[in-house]
Amino acid sequence: FLFSDQDKSKTGTGVSQQPGANFSQNKILSNFPENSDDESVHSTLRKSLFKMPGYVYKNTEFKDSSMDVKEIDTYLNTSENMEEVRKEGLWRNNHHVPINKDSNFTLCTVNDGDIASKNGIKMKSFSNASEILDMTGTTGRKLEMLRAVTEIPTQFRSIFKEFPYFNYAQSKALDDLLYTDRNFVICAPTGSGKTVMFELAITRLLMEAPLPWLNIKVVYMAPIKALCSQRFDNWKEKFGPIGLSCKELTGDTVMDDLFEIHHAHIIITTPEKWDSMTRRWRDNSIVQLVRLFLIDEVHVVKDESRGATLEVVVSRMKTVQASLGRLENHDTVPPLRFVAVSATIPNAEDIAEWLSDSKMPAVCLKIDEDQRPVKLRKIVLGFPCSDNQTEFKFDLTLNYKIASIIQTYSEQKPALVFCATRKGVQQAASVLAKDAKFLLSTEQKQRLQRSANSLKDSKLRDLLMYGVAYHHAGMEISDRKIIEGTFTVGDLPVLFTTSTLAMGVNLPAHLVVIKSTMHYVGGVFQEYSETDILQMIGRAGRPQFDTTATAVIMTRWSTREKYIQMLNGADIIESSLHRHLVEHLNAEIVLHTVTDVTVALEWIRSTFLYIRALKNPTHYGFSSGLDKIGIEAKLQELCLKNLNDLSSFDLIRMDKDNNFKPTETGRLMAWYYIAFDTVKQFFTIKGTETLNELITMISNCAEFLDVKLRTNEKKILNTLNKDKDKITIRFPMEGKIKTREMKINCLIQAQLGCIPIQDFTLTQDTGRIFRNGLRVT
């Protein structure tokens, strides 16, 4: 790695001039001739360079307190790692990806497009990693804890064919998952093999259920569509051969697919979709067939906007099950089992308490961070940011820090950098390509050239030859696939991407960098949710090549402590149901789950809100001195307030026996999943509105909150709105397009007016607006 011009003189020991931190680095750099693009030089370079030690600064002096010394652990070199693998008996899952032996990239800093004095460090090859692949670790002292796949009945063994033994966390959970029907909560760091735990629970169900498996339904619920797609592709392959069919049910699913769900054994869905589906099944017949309910990322229950939905869906499943038990003979109702997985949280027991049934408490298994198959080092870097510096400006300054972070932490292995916006991804990639140069082998260059030739995006084509690329949802799908391929095989040193793609595409890297903890949503900057952060960090560490990995979070100095807390799993999970109670109460009344005030309170008792309100009343606005009876009274009060709101808009009515009855409007609100605020807005309709006024009203609905107005779209939208030389929309708006609502209005009119839009992201947004718009209208 070469340093920028102020360091040209220092060839013996390099010192990174990153403003955040001053490292003294014991790295030996050697000189080589000027014409570094010449292939012969590259090979000489690789021969002549010292092998880089596998440790990172143990006794590092920090001149600036931008980083906590305790955050930085000592790296083990490869031979120590292998020793550790032997001792600990850790099994690596053998997913062999075709990695080329010569995936070594050397990074040199470049100044203004010229190459600085030529020094370099050899990038460590992946060949060491392949030795670790075959390490079985059977001699270790922990062997008695690792369970063999041969314990699984023969007909289901193919599900686990990728490895001979379960890892530590899976072995610990195996008895409860495979030999009991108890509800189960696993609290484990990302990357500890939780998918296998779900597969064990499915195997248990199949072992118990008689053939043919006609009436078995398993629901897998994950907070992100991309996670669902990944699980669907994976499970279709695994469970198809043994006779189970999978069906994906997310926001992108067409309603015609619903009849297929009647035939599917495994339904893969998001909380929102399962909520809207279960609201539609009057007879609840499918819901009653669900025998196993798998919840991925259950800590999402704390998410301000989406947590409430996850919570009511689980509570609804519990309530349906309980009412079935009351109606029929207990013995004939097959039990519903919950298995939930959460990131590291301090109050996993609360989740377990919530998922417990009346007969048996749920098992709560906590797996320590040090049991992660790939040890993950987490580092939080705080950077100074003046009060008058905008978020955009701060974000731009971080681009110039990336090269030094990659040099310090990447260990010459692939790095993934998450950026806040699509534009930011491209800017950061361009800065790195200008700032630094990777010395790639001839073979790598040839392979990158072949990939570059197939790309449609010319900017990306140029960057790829520098060993840098970007990847976001607004790109051509074919381009995305090519970039994913080059990164997966280890030819691409650095990939910049947006957080939305972190969730679904499995692109593991040795180093993950989160460049700024703010992202741009709906026209404003806001902090990433904890789920986003954990998902991004979860990409660090590739079990098949690494025994260690690093995640670096770059944030403002002022928020640094907060992220250190978050990474230590010190954030207690609270409910957010009290903020969205009105819509969910209405839905339960329409479904007849809640029929009167007593049942409403019983339903509240089945929620996570109830469990947390008893433990931390002040968070929910109740006074701290209250006992259980007092808190229940407060929850009843909250419930009654929401019921009165529904009643005042004639969404529910009371009959003479004080039972709740939904009205037609209330039924439509639940059926079409409409927000209470939207319904209130529709009550202002007089019937004399013009088409223009109706479009404006629809554009303001809460259902479109996830549509964002991006800076680079304004030009196209303004042309659509008003341009004397082009076809424009029927009802142009005053002034320039500057809000989300104006963008939505513009796109609705363009679509209805059959005006073609060439921009891929705007076409995507139009599709989303019309999918949601169908419900609203």
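**Exercise 1. Is the crossing of helix 23 and helix 24 left-handed or right-handed?**

Before we start, a word on the model: it is predicted, with local features needing pLDDT of at least 70 and side-chain atom pairs counting only at pLDDT 80 or more, while totals for chains, interfaces and linings use all residues. Residues are numbered from 1 along each chain as its sequence is written, and side-chain values use heavy atoms, without hydrogens and water.

*Step 1.* Locate the two elements: helix 23 spans residues 608-615 and helix 24 spans residues 628-648. Helices here are DSSP runs (H or I, at least four residues) and strands are E runs of at least two, numbered from the N terminus.

*Step 2.* Their axes come within 10 Å and cross at roughly 135°. Axes are lines fitted to C-alpha atoms, for helices over the stretch in contact, with angles from 0 to 180 degrees between N-to-C directions.

*Step 3.* Helix 23 and helix 24 are therefore oblique to each other (under 35 degrees is roughly parallel, over 145 roughly antiparallel, 65 to 115 roughly perpendicular, the rest oblique).

*Step 4.* The crossing is right-handed: the near helix is turned clockwise from the far one by less than a right angle.

*Step 5.* Leu609, Tyr610, Ala613 and Leu614 of helix 23 make the contact with Lys628, Ile631, Glu632 and Leu635 of helix 24, where contact means heavy atoms within 4.5 Å.

**Exercise 2. Trace the salt bridge between Asp350 and Lys615.**

*Step 1.* Apply the rule: a side-chain nitrogen of Lys or Arg lies within 4 Å of a carboxyl oxygen of Asp or Glu. The side chains of Asp350 and Lys615 meet at 2.5 Å, N to O.

*Step 2.* Check accessibility (buried is under 20% relative accessible area, exposed over 50%, partly exposed in between; 1.4 Å probe, protein chains only). Asp350 is buried at 5%, whereas Lys615 is partly exposed at 46%.

*Step 3.* Widen the view: Asp350 and Lys615 belong to a salt-bridge network with Glu353, Glu574 and Arg612.

**Exercise 3. How many of the eight residues of helix 13 are buried?**

*Step 1.* Find helix 13 at residues 402-409.

*Step 2.* Go through the buried residues: Ile402, Ala403, Ser404, Ile405, Ile406, Gln407, Thr408 and Tyr409.

*Step 3.* That is eight of the eight, so helix 13 is largely enclosed by the rest of the structure.

*Step 4.* Just after helix 13, look for Glu411, which takes a positive phi of about 55°.
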